[in-house]
Amino acid sequence: MRGAAAIVGVADAVSPTGELDLTGRALEAAVIAEALADAGLTIDDVDGVCHSNSSMGLAEYLGIHPRFTDSTMTGGSSYEVHAEHAAAAIAAGLCDVVVSVYASTPRSDRRRGLSPMRPNFFGPNPMLEWEAPFGLRMPMGPYAMAAGRHMALFGTTAEQLAAIAVSTREWAARNPRARYRDPITVEDVLASPMQCSPLHLLDCCLVTDGAGAFVMTSAERARDLARPPVVVLGAGTCHDHSMISQMPDLTTTPGVVSGANAFAMAGITPGDVDVLMGYDSFTITALLHLEDLGFCAKGEGGAFVEDGRTAPGGSLPMNTNGGGLSYTHPGAYGMFLIVEAVRQLRGECGDRQVPGAEVAVAHGSGMVLSCMSTLVLGTEAAA
Amino acid sequence: VSGTGDAREARPARIEPPVTDASEPFWSATREQRLVLPWCTACDQPFWFPREVCPRCLGSKIEWRPASGRGAVYAHTVEHKPMMLSAVFGDAPYCIALVELDEGVRMMSNVVEIDPLAVAVGQRVSVRWEPLSDGRHLVLFGPEEPLG
């Protein structure tokens, strides 16, 4: 599978106000059209679709008859899983051109008087029976528990977690499309209202509208298209629980498995990664990724981030679009990790461009640290 | 959260857990304030949450055995905006914890009868019972009580 498929088109829709005009399928169709145009392809070229709710409903709306379909729903990591499955399908010859799309407008839905579309955390059972009675806020509460245990076991501090929010905001300052761009300090994070301890408001991702899409085809066909191909070098997925009370170890995510498998397929080590797009639903989420993907040892994430190593100018550029913490976060942010990774590898990122980026990792995290999916992307030179 | 209206209306009570065929023995025992756990007779180990088969070996011979009701806080958080359980805790912050029982299983609960900000990972706790509307009880935890 390594090197067999490439992402050839991307698009995302975000807004500094946090709200978009379009919603639902219309918004999905808009970003798909933009991603196809980016690739130099048309909807007639598409013979595979991925959607985290209904690939059949999407295809019907678009008027296409795909021969590859994937409705995998693993929360925020769904789009990394879609990319993995699409690359495997293309490598196996099942289809030629796959589109994956995501759109959600929780912010403007409130204005429209619609109830926000939320993941069904309290879905029928067993969560209703064994977790819902205890008033744990979703999805923040489970991440707070993980942060608290990480602090108790490894001495990680609130200041170290805050440093991730500060570094990420520095990236957002360089992105004119980010929702929040004003610099913040560690003190600002600690002074923001406590939500679920030990997480403060500025340890938490935004709630915005947003949408995105990617187009993938064979590496061979990619060479003839509009943009420089971004090749799928490796992919891996793993989940080890659905409810937080069933997570085997609250300080170690299944990213240990998804990351190792994706890196092995790609033939890379953490030292080869030029850009890390690691899902930052909360500061603790990003810290766990750094440890579980092997950028530092378990328990050393706090020390790793506290001096700006992941900020602009640091040795590991992380979440260069400004992340879920400052760029956008509509609920299932994994699509935006892929879009930014592709733009960095094409050298399109302006003030926030990581010079000479050749290998980027999009690491999606779904539900409550439940499903990790790691995608290693590279330029043609890296392939 | 809406800032308007009668504050009492905005005070949700606890979600009362449903009962399934697999969990009926557990909930029945709570009527008498007894804590029981499902054990796989093949593995001779307890598991949590109750289900029809053992999550280690898929064996279906399940036996319900009494538990000590004692354990330690594995992880926890304090909700500082107590809107979800304000009918129970008023406006005060409250603690949600994963408690590891001495039998080796981990369950979600609230830690009560102690300042929530004083709860710590590793802290010893023992069971408390909160009545539900139908005679069952919810398993909560408080500071460990002396044996006897």
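Across the interface of chain B and chain A, 1 salt bridge is found (a side-chain nitrogen of Lys or Arg within 4 Å of a carboxyl oxygen of Asp or Glu). This salt bridge joins the side chains of Arg137(A) and Glu79(B), at 2.7 Å from N to O. The model is predicted: local features require pLDDT of at least 70 and side-chain atom pairs pLDDT 80 or more, whereas totals for chains, interfaces and linings use all residues. Residues are numbered from 1 along each chain as its sequence is written, chains are lettered from A in the order in which they are written, and side-chain values use heavy atoms, with hydrogens and water left out.

In the interface, 36 residues of chain B are in contact (heavy atoms within 4.5 Å) with 30 residues of chain A. The area buried between the two chains, namely the accessible area (1.4 Å probe) lost on putting them together and summed over both, is about 2800 Å², and carbon and sulfur atoms give 65% of this area.

The side of chain B that touches chain A receives at least two residues from each of α1 (24-31), β4 (70-79), β5 (94-101), β6 (106-111) and β8 (137-143) of chain B; these elements are DSSP runs numbered from the N terminus, helices (H or I) having at least four residues and strands (E) at least two. The most is given by β4(B), with 6 residues.

In chain A, Ala381(A) lies in the segment after β9 (371-378). Ala381(A) counts as exposed because its relative accessibility is 65%, the cut-off being over 50% (1.4 Å probe, protein chains only).

Note on methods: Buried < 20%, exposed > 50% of the residue type's maximum accessible area, 1.4 Å probe, protein only.
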